[in-house]
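Trainee: Could you show me how to read a few features off a model like this one?

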Amino acid sequence: MVRIWTIARTELLRMLRDRSNIFFVFVFPLLLVVLIGAQFAGSVDARLGVVGPQDDATLDALLERLEAADGVAPVRMADEAALRDEVERGLMSGGILVPDGLDAALLGLDDVEVTFIGRPDATATSLRTLVAAELADETLAIDAVALLDALEPRSPAERDELLAVAALVGGQAPGITVAAQTLGSDELAEEFAGLGQFDLGASTQLFLFTFLTALTGGVALIQTREYGVARRMVATPTPVRVIVAGITGGRLLIALMQALYIVIATVLLFRVDWGDPLAATVVILSFCAVAAAAGLVLGAVFSNDSQASGAGVGLGIGLAALGGSMIPLELFPEGMRAVARLTPHAWANDAMAQIVRRDAGLVEVLPNVGVLVGMALALGVLGTWRLRAVLAR
Amino acid sequence: MGQVAQQVLRATGLRKAFGALQAVDEVSLTIAPGETYGLLGPNGAGKTTSISMIAGLLKPDAGTIEVDGRTMTPTATAAKAAVGLVPQDLAIYPDLSARENLRFFGRLYGLPKAELTRRLDEVLSVIGLTDRADDRAGEFSGGMKRRLNIGVGMLHGPKLLILDEPTVGVDPQSRNAILDSVEELATEGLAVLYTTHYMEEAERLCDRIAIVDQGRIVAEGTRRELIATIGEQDVVRLTVAGDAAAAAAACERLPAISSADAEDDVVVCLVDGAAAALPQLLAEVAASGASVSGVEVREPDLEDVFLHLTGKALRD
Ligand SMILES: Nc1ncnc2c1ncn2[C@@H]1O[C@H](COP(=O)(O)OP(=O)(O)OP(=O)(O)O)[C@@H](O)[C@H]1O
Ligand SMILES: [Mg+2]
């Protein structure tokens, strides 16, 4: 045990000695959590889809007002179906359906109903409020102009007076009402509802980075072999299985330390909710085991460290993307989702989704944990077997 | 116990093949406590392969190895504890300091904490790295790295210290320091197995020397014994212009000449009574069509023994 710890600790120490590692292991993951959080919260303008007549002065004026408003970007869309689809898929934060004859209806002082379509989230709610407010202002302006036209003021002073009256009248004028339609039945909308800004990024990035670090750690293992140190370890009275356990333990230690760091940092800095502590811990532990074992395989199979680091980065990013660590799995088409099941990331991300978004406990995510442990064992056996063969040569 | 049990190393009939290549072929050797044994041979002779088997890194195809009375196999941890290995290629972590490297391997050798701390300082001073103990090994000069490499091998106080060409790439001063410390370890009772292709090192350090070529020990003994295999002969070196190989073949036909080998533009002959044979020798070379531009007559050394036994120079 002392020897396993000696070897494992030395691997960790060597990782920490490398300045570039410090950036990739500790700084970069948090940067990405922030980046993804920013994207998710839509701190860029919320996109508002608009379906309505092409030559309606009132609508055009409304669009101008919305363009000028903060935090919203109106986009004209062809039809209602397209609008609903984009809102459902989260590409639009919300949308409005404007009926024909808005101008005419207003001048005739008729009622017009504009429909707002949104998901049950905070962005949609604030967007709807904004749209309603801008519409009310626009109605007021239109009414005032209509009144002015009708009364034909004879002097500027009279015009101002009329305008003031119009403002009063306009406030009560029957205008445009906004009816809300929420795509509440949509799973995707429900899925992300109530999720904190950084919650999504934190766990997906944890998996991306611990896996990436573990794979590039395979390079350190190749260096250990290249330096002749691995062979020299074999010359000491240390059984090969202890050496392999120490090296594997070192990879695991690094993965766990990074994971722990990301959890603590995101809780402290971004108040990220990691859900049930036990369930989250077990999922993260089993994922780290897969990552460490994968690093072991990489380090044992390759014998050239630049090849291995290329393969490590490629696999680390590729598997993460495929496993939903870059784009949520829920946005994947059905076929891709099936392929994603081949990656440990998908199982881990799915488990964390259940834990964080659906308040699942350990029991609910046990199937995912089982798959992860299975993957860790399979890779661990393969890596250990290869490494033993390499060391015994 | 008898004579047999006193040997620190007993290797018998070691064989190892890599595919069709017989890298080690029936190598047997014994080393007693305090004895320094040299394996002298050219590149690819099988020195490192033999050592790897003795250190338990490689499983022999045939043969037995006993270190300090214990059978050595790749899984024999007790036997490995008695061996200190200094590999031919550096085997240290460049990103750890000298002290950290030593401590790491000291732990793997199972040294208790207190002893480890004591030995660390001792070894650092022996290898002359006390001042640089906490600098990273990667920043060391080639010679300093070599010294650290050696320090790791001697840290745990082995019974058998194996040094595989430890002085390659080391400046003369560091080399001297290394040779001094090896000599000192031997006087303390350590058995040392030393490989080299530097004849001077073998002559200075080794009580017994085995000359290895193509996986075989072609001769073994003390320096005197080895040189005596040539007999009371002189070495004549002729520098020639023209076909050196043809000149050597011509010389070899003379009765006074027991061997003649061509090495680039030099013909090296072993001669009974150089003074008497020289005129004839020069006439033969001239007759072969080559012209002699230099002549040197001297006592034979290990290099000549090697050339005589294998027809090859020790270094290429
Ligand atoms: N792992 C291996 N696989 C295949 N061939 C090998 C292996 N190790 C050594 N050999 C071959 O065995 C022969 C002996 O090699 P070895 O390293 O023992 O020589 P050496 O005497 O130590 O040479 P040097 O002085 O260059 O270190 C060489 O021909 C070498 O190519
Ligand atoms: Mg060698």
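Mentor: Setting aside residues up to four places away in sequence, Glu35(B) touches Thr30(B), Leu190(B), Ala191(B), Val192(B), Asp207(B) and Arg208(B). Bear in mind that this is a predicted model, where local features need pLDDT of at least 70, side-chain atom pairs count only at pLDDT 80 or more, and totals for chains, interfaces and linings use all residues. Residues are numbered from 1 along each chain as its sequence is written, chains are lettered from A and ligands numbered from 1 in the order in which they are written, and side-chain values use heavy atoms, with hydrogens and water left out.

Trainee: Is Glu35(B) buried or exposed?

Mentor: Buried means under 20% relative accessible area, exposed over 50%, and partly exposed in between (1.4 Å probe, protein chains only). Glu35(B) has 13% relative accessibility, so it counts as buried.

Trainee: And what about the magnesium ion (ligand 2): which are its protein donors?

Mentor: Donors are N, O and S atoms within 2.8 Å of the metal (3.2 Å for Na, K and Ca); water is not among the atoms, so sites may look incomplete. Here they are Thr48(B) through OG1 and Gln88(B) through OE1, 1.8 to 2.1 Å from the ion. That pair links distant parts of the chain, 40 residues apart. Thr48(B) is partly exposed at 31%, and Gln88(B) is partly exposed at 26%.

Trainee: How far apart are Leu296(A) and Thr123(A) in space?

Mentor: They are 45 Å apart, C-alpha to C-alpha, and 173 residues apart in sequence. Leu296(A) itself is buried, at 0% relative accessibility.

Terms used
Helix = DSSP H or I, 4+ residues; strand = E, 2+ residues; numbered from the N terminus. Contact = heavy atoms within 4.5 Å.
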